[in-house]
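Visitor: I would like to learn how to read the features of this model. Where do we start?
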Amino acid sequence: MSNSSFNIFSFQGKMKTLHLSWMAFFITFAVWFNFAPLLQSVKETLGLTTEEVKTLLILNVAITIPARVIIGSLTDKYGPRVVYSALLVLCSIPCFTFAFSDNFLQAAISRFALGFIGAGFVIGIRLVSEWFPHNELGTAEGIYGGWGNFGSAAAAFTLPTVALMFGGDDGWRYAMVVTGLLSLVFGFIFYTNITDTPKGATYFKPKNLTAMEVTSKGDFFLLLIMKVPMYAALALLAWKLSPDNVGMISDGVCYAIYAFLFALYLYEWSQVWKVNKSIFTTPVPEIHQYKFKQVAVLNILYFATFGSELAVVSMLPLFFLETFELTPVIAGMVASAYAFMNLASRPGGGWLSDKFGRKSTLIILTAGLALGYLLMAQIESSWTLWIAVAAAMLCSFFVQAGEGAVFATVPLIKRRMTGQIAGMTGAYGNVGAVVYLTVLSFVSYQTFFYVIACTAFVGLITLLFMAEPKGKIAEVNEDGSVTMIDVSSH
């Protein structure tokens, strides 16, 4: 850990790592969300139906659930520098193929593959945790998350203009190519400028890639239970594409996907057993134990925070448009106020965690989030527009500060598994988005907001079982000696 001061305007040492990390994340999000702002042009050029467009939007987030878990493991094993650079370079390919696609099938395959870039977030969480001490970690992770996350809003603001600059029916294609080139070039910049750890520090790796280690019998079963929603969300997506709904895939394909997911889950059982069977015979020494329930609680909280953010960002323009009879442009600008909050609120949540403790911050922010969505459920056309916007921004502050607080805690559980833990927690955010958006397709906006508020209350109850990270965590060096890493000041 470098001991230099935390100066946001510096581009040296740990601050250089932080700035390059959020830029990489910013680019992944700009590429991942480059479709929504250009949706209308794509629809017209490729002659897509509204159902096909909705399908592309679902495909865009589908693979991100397993991708975050896979990328998290790869990051722990091979280090953030190689994995982030490779992701930026490789994901420029489906970005280019989407830009030049001629029909729905080509577009669908490209969009599905592009979901992988949504996993970039996890890599930076591990990288930043290597460079910053625990008392600055929340703030650093919050800046990484908040400023990087802004890539989606930046895409929404700039890409329609870029498309117009190129002009013609194919303007959108060039706009997308620009994001792909950014990704490709920055992959090389990142690779040449980043090291996984400060000079002289050890990069601790997990013993295995295939499954997460747990350190007690109860945690073994809890891990298997916490895996279920990730498979359930993917099954839900398949069902959404089946003849019962969109009708993009046949019943046969749908059942094949269910069977594949079930087989995959059983395979995962076998891997979790293989990695952890020793705990049933030999207890893990206390110094090396960690509590998996910490991870479980953070998963649920990220489901409610980032899950609801992804869902709400998708529906808010339409909600304002229909409730207040606005033009699409005004509705989009009003709704983007929600995303704008990210620049300050996510770092704010991390900073509050550094200052006032991880658990108490999470309790206050989760309670605020639940109340915020209860407030949003009350919005109706009789409200003054600016009060409705203020309510949305207040709610979004708690949502995003909550995300910052979740990822201020993730790197303090077990250093060598930070990528795996961040991958699972990050995936839960996408699971939340899939669940909430599916709920939205069946219920009114009011009910949708009530459902999110309820899940936040569930998160609040689980928080009572979470312990504040204290003292030190132990990591074993290759020569067998143990390094103690501070996770709290007292």
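Guide: Start with the term helix: helices are DSSP runs of H or I, at least four residues long, numbered from the N terminus. Keep in mind that this is a predicted model.

Visitor: Which helix gives the most to the nonpolar patch?

Guide: Helix α11, residues 171-193, gives the most, with 3 residues. The patch lies on the surface and is formed by Phe166, Tyr174, Val178 and Leu182. Together they have about 360 Å² of accessible area.

Visitor: Now the strands. How do β1 and β2 run, and how many bridges join them?

Guide: In general, side chains in a regular strand alternate between the two faces of the sheet. Here, strand β1 covers residues 472-476 and strand β2 covers residues 482-486. They run antiparallel, and 5 bridges join them.

Visitor: What do β1 and β2 form, and which residue in the turn has a positive phi?

Guide: They form a hairpin, with 5 residues between the strands. Gly480 sits in the turn, with a positive phi of about 95°.

Visitor: On to the rings. How many aromatic pairs does a search of the whole structure find?

Guide: The search finds 36. Read each pair by the distance between centres and the angle between planes; over 60 degrees counts as edge-to-face. Phe29 and Phe33 form an edge-to-face pair, 5.3 Å centre to centre, with 65° between the planes. Phe29 and Phe33 are both buried.

Visitor: Why is the pair of Phe121 and Phe407 edge-to-face?

Guide: Their planes stand at 85°, so the pair is edge-to-face; the ring centres are 4.9 Å apart. This pair links distant parts of the chain. Phe121 is in helix α8, residues 120-131, and Phe407 is in helix α18, residues 385-409. They are 286 residues apart.

Visitor: Are those two buried or exposed?

Guide: Phe121 counts as buried, at 1% relative accessibility. Phe407 also counts as buried, at 1%.

Visitor: Which residues form one aromatic cluster?

Guide: The cluster is formed by Phe25, Phe29, Trp32, Phe33, Phe121, Tyr144, Tyr302, Phe306 and Phe407.

Visitor: Where do Arg81 and Arg126 lie?

Guide: Look for a charge above a ring face. Arg81 lies over the face of Tyr191, at 3.8 Å from the ring centre. Arg126 lies over the face of Tyr203, at 4.0 Å from the ring centre.

Visitor: And Tyr373: buried or exposed?

Guide: Tyr373 is buried, with a relative accessible area of 0%. Its place is in helix α17, residues 358-376. Tyr373 and Leu343 are 30 residues apart along the chain, and their C-alpha atoms are separated by 21 Å.

Visitor: Last topic: charges. How many salt bridges does the count come to?

Guide: The cut-off is a side-chain nitrogen of Lys or Arg within 4 Å of a carboxyl oxygen of Asp or Glu. By this rule the count comes to 12. One of them joins Arg415 and Glu130, at 3.9 Å from N to O. Arg415 lies in the loop between α18 and α19 (418-440), and Glu130 lies in helix α8, so the pair ties together parts 285 residues apart in sequence. Arg415 is buried, with a relative accessible area of 8%. Glu130 counts as buried too, at 2%.

Visitor: Which parts does the pair of Glu268 and Lys227 tie together?

Guide: Glu268 lies in helix α13, residues 251-276, and Lys227 in helix α12, residues 217-241, so the pair ties together parts 41 residues apart in sequence. The closest N and O atoms are 2.8 Å apart. Both Glu268 and Lys227 are buried.

Visitor: What of Glu403 and Arg346?

Guide: Their side chains meet in a salt bridge, at 2.9 Å from N to O. Glu403 lies in helix α18 and Arg346 in helix α16, residues 342-356, so parts 57 residues apart in sequence are tied together. Glu403 and Arg346 are both buried.

Visitor: Which residues do shared partners join into one network?

Guide: The network holds Asp76, Arg126, Glu130 and Arg415, joined by salt bridges that share partners.

Terms used:
Residues are numbered from 1 along each chain as its sequence is written. This is a predicted model: local features need pLDDT of at least 70, side-chain atom pairs count only at pLDDT 80 or more; totals for chains, interfaces and linings use all residues. Side-chain values use heavy atoms; hydrogens and water are left out. Patches are made of residues with over 30% relative accessible area and no salt bridge: like charges are joined within 9 Å, nonpolar side chains (Val, Leu, Ile, Met, Phe, Trp, Tyr) within 5 Å. Accessible areas come from the Shrake-Rupley method with a 1.4 Å probe; for residues, only the protein chains shown count as cover. Helices (H or I, at least four residues) and strands (E, at least two) are DSSP runs, numbered from the N terminus. Two strands pair if DSSP finds at least two bridges between them. Rings of Phe, Tyr and Trp (its six-membered ring) pair if their centres lie within 6.5 Å; planes under 30 degrees apart count as stacked, over 60 as edge-to-face and the rest as tilted. Buried means under 20% relative accessible area, exposed over 50%, partly exposed in between (1.4 Å probe, protein chains only). A charge sits over a ring if NZ of Lys or CZ of Arg is within 6 Å of the ring centre and within 35 degrees of the ring normal.
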